[in-house]
Amino acid sequence: VPMVAPGNVQVHVINSTLAKVHWDPVPLKTVRGHLQGYKVYYWKVQSLSRRTRRHVEKKILTFRGNKTFGMLPGLEPYSSYKLNVRVVNGKGEGPASPDKVFKTPEGVPSSPSFLKITNPTLDSLTLEWGSPTHPNGVLTSYILKFQPINNTHELGPLVEIRIPANESSLILKNLNYSTRYKFYFNAQTSVGSGSQITEEAVTIMDE
């Protein structure tokens, strides 16, 4: 098997899901056989928003021949990763380079995990929601937009409310009685807005 590990491993993080890794080739005489390529082992150490460690799944990308760089796609935003590089000949892999740590920046969050509308009265509705399964960063706020829908399904004026990220419920007051409302709800990080979920609910007709 090869004798030495690739040196000078560098990681350039391109965005929240993509990084480029490059390394110095090993001297050919240390390959001790036919140079087949290089393997990059990489794995997620932890999510920076959750701080929970979990089962570590190592991923391997193989770059054929004498390539000295490669792309790592499909990374998770706002996470800490480690990687190392090994050279491969017909017999097997050489030793691993020292582990290199890199971090991906924040991305936009997934949609809130649920939106529930309860307790209808003449002029109010109660909203409850769950935080995104994948925050992909530090949540800065939630954005709620809503508008009335009349009997011919025409949409009325859109109202927008920004809600602090630590809230999980809201009582909407001063609504019209016996009116159907459509709600659009999403979460935000400093990078931008995540995908929204929609719901509809009706205030009651009379007491």
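## Basis

In this predicted model, local features need pLDDT of at least 70 and side-chain atom pairs count only at pLDDT 80 or more, while totals for chains, interfaces and linings use all residues. Residues are numbered from 1 along each chain as its sequence is written, and side-chain values use heavy atoms, leaving out hydrogens and water.

## Overall shape

The chain has 15 strands and one helix. Both are DSSP runs numbered from the N terminus: helices are H or I with at least four residues, strands E with at least two. The C-alpha trace spans about 85 × 30 × 25 Å along its principal axes.

The radius of gyration of the chain is 26 Å, whereas a compact globule of 207 residues would have one near 17 Å. That radius is taken over C-alpha atoms, and the globule rule is 2.2 Å times the number of residues to the power 0.38.

## Two domains

The domain assignment gives domain 1 (7–104) and domain 2 (112–202). Such bounds come from an automatic or database assignment. The C-alpha centres of the two domains lie 42 Å apart. Four residues of domain 1 are in contact with six residues of domain 2; contact means heavy atoms within 4.5 Å.

## Burial and contacts

Buried residues make up 40% of the 207 residues. Buried means under 20% relative accessible area, exposed over 50%, and partly exposed in between (1.4 Å probe, protein chains only). Among contacts with a separation of 6 or more, 64% join residues 24 or more positions apart.

## Lys100

Lys100 is found in strand β7, residues 100–103. Its relative accessible area is 29%, so Lys100 is partly exposed. Not counting residues up to four places away in sequence, Lys100 touches Val9, Gln10, Val11, Tyr81, Lys82 and Leu83.

Thr152 is 52 residues from Lys100 in sequence. In space, the two are 60 Å apart, C-alpha to C-alpha.

## A loop with positive phi

Most residues other than glycine have a negative phi. Asn174 has a positive phi of about 60 degrees, although it is not a glycine. Asn174 is found in the loop between β12 (169–172) and β13 (180–189). With a relative accessible area of 70%, Asn174 is exposed.

Ser178 is in the loop between β12 and β13. Ser178 is not a glycine either, yet has a positive phi of about 50 degrees. Ser178 is partly exposed, because its relative accessible area is 33%.
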